[in-house]
Amino acid sequence: MNRYKLSSQAAADNSVIGGVTHYCSTVAMGTVDVYHRFGLPVIVWGAVLPDVTYANDYREIHRVNGTMINQNETAAQFMTAQKFKRWAIVHDTTDYGKGHNKYFAEYLQKNGGQSLGTFGVTGDQQDFSAELTKIKELKPEVVYFGGITPLGVRLRSQMDKFGVKAVFQGTSGIISDAFVEGLGPLAEGVVAFREGAPAEKLPGGKTFLEQYAKAKYSDDPEAYGPFAFVAANLLMDAIEKVGPDRKKVRSELNKTRDYDSVVGRITFDDHRQNAVPVISKFVVQDGRW
């Protein structure tokens with residue numbers, strides 16, 4: 001059963017009071033209508049497409065992490081401040097990739113950068129010969145990639161084979177251990193941007209990491225782990241306060257103001273979107289982000 005069907009089943013099951021969900025913007029956009037239809041309150045903790053919260057006025061949909069708008073504004077400002085001028089943009093053709101392309105291109109132009117060419121690629125694409133041949137001819141200083149880890153690994157590795165000598169710049173979608181492990185030395189110098197701060201620098205990051213270690217999970221927490229933790233606690237606190245009633249839980253979540261969490265204070269705006277003012281800059285150095 002695919003994730004959309006699973007989400008539909010959960011929403012239709014009246015025993016389910018609420019949920020925390022979605023690292024992927026494409027999956028999030030495919031399910032928000034279902035959650036709204038069944039009145040199921042949900043807290044998104046990782047998807048960054050603005051439309052998840054802003055395309056509709058769905059009072060069931062909440063998000064504790066930020067959006068790709070702020071991420072790309074900071075990315076364009078930072079990279080142009082480093083005196084880079086010329087970009088080639090590669091993005092996957094999902095809502096996630098197209099959204100990153102839209103906002104980065106917009107802020108790149110505002111900050112004096114130039115996009116020499118834009119290339120849309122499919123999520124399962126294996127060969128980038130055509131795109132990289134053209135990119136090499138354009139001679140960009142930076143290749144911007146709007147997509148997630150598996151595609152980013154394939155693209156970056158083939159850049160080296162085609163002799164594309166440019167900085168590789170990604171989005172929050174590649175900030176994972178798997179990206180570095182998949183590329184080895186080729187990951188060195190890759191830059192990316194993500195909402196919030198690294199876990200160890202968050203207001204409650206030390207406590208979060210200590211508790212995570214005590215739980216003895218087999219893998220380290222991923223980039224959005226603290227946000228997922230916050231989403232789960234916010235939902236459980238709401239249920240404990242008002243009881244197992246979807247409408248009451250939704251109303252309680254909608255009133256969230258200055259909720260104290262490991263990522264800082266959580267306050268939802270009129271579209272249930274939390275404001276995350278901090279955008280962190282990452283570079284792969286010595287085999288780690």
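**Exercise 1. The chain as a whole**

How much accessible surface does the chain have, and what percentage of it belongs to carbon and sulfur atoms?

*Solution.* The structure is a predicted model, and every value below is computed from it. The accessible surface of the chain comes to about 13800 Å², and carbon and sulfur atoms account for 51% of that area. As a next step, consider the fold itself, in which the secondary structure comprises 11 helices and 11 strands. The radius of gyration is 20 Å, close to the 19 Å that the globule rule gives for 289 residues, so the chain is as compact as a globular protein of that length. Along the principal axes, the C-alpha atoms fill a box of roughly 60 × 40 × 40 Å. Finally, when contacts between residues at least 6 apart in sequence are considered, 68% of them join residues at least 24 apart.

**Exercise 2. The nonpolar cores**

Find which residues have the most contacts inside the largest nonpolar core, and then follow one of them to its partners.

*Solution.* The largest nonpolar core has 68 residues, and those with the most contacts inside it are Val64, Phe168, Phe179 and Trp289. Helix α10, which spans residues 225-242, gives the most to this core, with 6 residues. Another core, of 13 residues, lies apart from the largest one and includes Ile89, Tyr107, Leu108 and Ile279. Now take Phe179 and leave aside its neighbours within four places in sequence: its contacts include Phe168 and Trp289, and among the others are Thr149, Gly152, Val153 and Ile174. As background, in soluble globular proteins nonpolar side chains tend to be buried together.

**Exercise 3. Two residues compared**

Decide for Asp260 and for Pro198 whether each is buried or exposed.

*Solution.* Begin with Asp260, which belongs to strand β9, residues 259-261. Its relative accessible area is 57%, and since exposed means over 50%, Asp260 is exposed. The C-alpha atoms of Asp260 and Leu234 are separated by 9.5 Å, although the two residues are 26 apart along the chain.

If residues up to four places away in sequence are not counted, Pro198 touches Ser280 and Phe282. Pro198 and Pro226 are 28 residues apart in sequence, while their C-alpha atoms are 9.2 Å apart in space.

Technical notes
Residues numbered from 1 in each chain as written. Predicted model: local features only at pLDDT ≥ 70, side-chain atom pairs only at ≥ 80, totals over all residues. Heavy atoms only, no water. Helix = DSSP H or I, 4+ residues; strand = E, 2+ residues; numbered from the N terminus. Buried < 20%, exposed > 50% of the residue type's maximum accessible area, 1.4 Å probe, protein only. Core = buried A, V, L, I, M, F, W, Y, C linked by side-chain atoms within 4.5 Å. Contact = heavy atoms within 4.5 Å. Rg over C-alpha atoms; globule rule 2.2 N^0.38 Å. Areas by Shrake-Rupley, 256 points an atom, 1.4 Å probe, with all protein chains shown as cover.
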